[in-house]
Amino acid sequence: MGKPAGDETGGRCAYQGAPGAFSHEACLDLRPWDEAVAYDSFDGAIAALKAGEVGCALIPVENSTVGRIEPAASLVEGAGLTIVSEVWRPIRLALMAPPGATLRSVKTAESHPIALRQCPESLAALGLTPVEAFDTAGAARAVAEAGDLTRAAVAPARAAEVYGLSILRNDIQDSEDNRTRFVLLSPNPA
């Protein structure tokens with residue numbers, strides 16, 4: 001996904017989640033010339049593209065461990081937008097908690113349901129109870145704001161930096177080859 005030839009302007013790229021989410025990372029890495037714009041839902045990101053608030057949207061539609069990512073995949077199929085390109089990206093999950101927390105002190109692991117489905121064996125081995133949240137980075141933000149040493153989040157390592165959390169364990173995904181396919185959407189050409 002290189003910058004189109006002759007395109008000297010930066011645009012706006014929609015993604016679902018909070019800053020530090022996997023979709024945010026994908027926007028920063030794949031579209032560094034664009035402003036990454038966060039939306040709470042896949043529907044919101046796609047609606048923003050249709051309304052012209054952003055020039056493109058980067059949406060995850062499939063994961064090598066769990067299959068189709070819903071509702072994102074169905075929303076993309078029904079949106080009537082153009083898939084400009086797609087890319088498979090490795091997904092590495094980190095367990096993070098407020099400074100001072102330890103693997104012994106944490107009891108729960110909060111994250112997006114799709115992320116939790118990528119690490120059930122690791123969480124069980126650590127004795128952690130999964131707790132669903134709207135987003136990986138959103139879970140990291142909530143854990144940071146609560147400051148509760150019994151709560152941890154499962155999110156990209158970058159989210160720990162964004163929200164001032166300590167990484168208790170890296171690479172807790174159950175599959176070493178855990179990848180997600182992202183599609184770049186743009187409005188239909190006129």
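Arginine 89 counts as buried, at 15% relative accessibility, where buried means under 20% relative accessible area, exposed over 50% and partly exposed in between (1.4 Å probe, protein chains only). This is a predicted model, in which local features need pLDDT of at least 70 and side-chain atom pairs count only at pLDDT 80 or more, while totals for chains, interfaces and linings use all residues. Residues are numbered from 1 along each chain as its sequence is written, and side-chain values use heavy atoms, with hydrogens and water left out.

The side chain of arginine 89 meets that of aspartate 29 in a salt bridge (2.8 Å, N to O), a term that stands for a side-chain nitrogen of Lys or Arg within 4 Å of a carboxyl oxygen of Asp or Glu. Because arginine 89 lies in strand E5 (residues 82–90) and aspartate 29 in helix H1 (residues 22–30), the pair ties together parts that are 60 residues apart in sequence; helices (H or I, at least four residues) and strands (E, at least two) are DSSP runs, numbered from the N terminus. Aspartate 29, for its part, is partly exposed, with a relative accessible area of 40%.

By the salt-bridge rule the count comes to 11, including the two pairs in the table below.

| Pair | N to O distance | Relative accessible area |
|---|---|---|
| Arginine 31 and aspartate 34 | 2.8 Å | arginine 31: 12%, buried; aspartate 34: 12%, buried |
| Arginine 68 and glutamate 70 | 2.7 Å | arginine 68: 39%, partly exposed; glutamate 70: 34%, partly exposed |

Salt bridges that share partners also join Asp29, Arg89 and Arg158 into one network.
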